[in-house]
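Visitor: I have a model open and would like to learn how to read it. Could you walk me through it?

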Amino acid sequence: MEVLRPQLIRLGGRIYRKNPIQEQTYQHEEEDEDFYQGFVECAEEPCDAYEVVQTQQGFRCTVKAPSLLYKHIVGKRGDTRKKLEVETKTSISIPKPGQEGEIVITGQHRSGVISARTRIDVLLLTFRRKQPFTHFLAFFLNEVEVQERFLKFQEEVLEKCSMDHGVDSTIFQNPRKLHLTIGMLVLLSEQEIQQTCEMLQQCKEEFIDDISGGKPLEVEMAGIEYMNDDPGMVDVLYAKVHMKDGSNRLQELVDRVLERFQASGLIVKEWNSVKLHATVMNTLFRKDPNAEGRYNLYTADGKYIFKDRESFDGRNILKLFENFYFGTLKLNSIHISQRFTVDSFGNYASCGQIDFS
């Protein structure tokens, strides 16, 4: 079935088939999947959309990529690059580790250069998706009133529900880190951070100003809900966020930002819409106060880790605090926040932002 219906990968508006191959690991070598992924064919559009320059020696094409991903094009002992060069009859020049630059593909035949470029793009996308998220787009929800009301919520929950299974002070969010996530990002270089800033500015100019009217969005943070389908075994409890005027402008704004970033490839498409929520309780915090929801599945060096979670019984909390009011906020900025890093105020460090007013 995998042969008849292979995985499809989207690259720059085109769709490619990724042929399945048997993955191998080697003893006494780092468990890094620097293996050649197999032949990739263009599935829908012609594979000549790349900018290929004709030179006196033949043809030339360049690929921009962060240096952290170079090793996946080189492969163990240079095997991946060698295999690419042999099969596409090209020469592939890759900057040395730690040096930013462009991957340069040269060859006698234009088709070979395009084939090598396509395969390199698939490799880069494949291994980018294996990297842990580094940043996220978000609104900060840490205004003083909301922080105070959140602490009141925590106090009352512990006072009335601490006898319920799994409920204790360790699973509550840090009030200074309350936020509303729009989408998760993998940014592997300063250039990619700058690209994200520019994309966010484009969103502001093209549609955010129209939706917001050049003013902060007044929202209410009120009511609680849980993520899974069993209120007796909850891992994430969140506060709901909605426009104070009852409109859907906030949802429209974040969905359009998500759509734009997905189209650019900066955010991998998983959903068509943003689920507006502010996490207030998370069982991952029980063992790691710096855990970050379902996205905290990798260590800083990209190794997968399993998070053993002890769920809590949220039935009484949901019954007693179903309509708890956390406060009113004026959302005036979207931030590019860096994971696992805080500023002097204890909030997530921001690498860039746009303001509505």
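Visitor: What percentage of the residues in the protein is buried?

Guide: Buried means under 20% relative accessible area, exposed over 50%, and partly exposed in between, using a 1.4 Å probe and protein chains only. Here, buried residues make up 48% of the 357 residues. Do keep in mind that this is a predicted model: local features need pLDDT of at least 70, side-chain atom pairs count only at pLDDT 80 or more, and totals for chains, interfaces and linings use all residues. Residues are numbered from 1 along each chain as its sequence is written, and side-chain values use heavy atoms, with hydrogens and water left out.

Visitor: How many helices and strands are there?

Guide: Helices (H or I, at least four residues) and strands (E, at least two) are DSSP runs, numbered from the N terminus. This protein has 7 helices and 15 strands.

Visitor: What span should helix α3 have?

Guide: The expected span is 1.5 Å times one less than the number of residues. For the 19 residues of α3 (residues 110-128) that gives 27 Å, and the end C-alpha atoms are 27 Å apart, which agrees. Because 17 of its 19 residues are buried, α3 is largely enclosed by the rest of the structure.

Visitor: Which residues does V113 touch, beyond those up to four places away in sequence?

Guide: Contact means heavy atoms within 4.5 Å. V113 lies in helix α3 and is buried, with a relative accessible area of 0%. Its contacts include V52, F59, R60, C61 and T90.

Visitor: And how do contacts look across the protein?

Guide: Among contacts between residues at least 6 apart in sequence, 74% join residues at least 24 apart.
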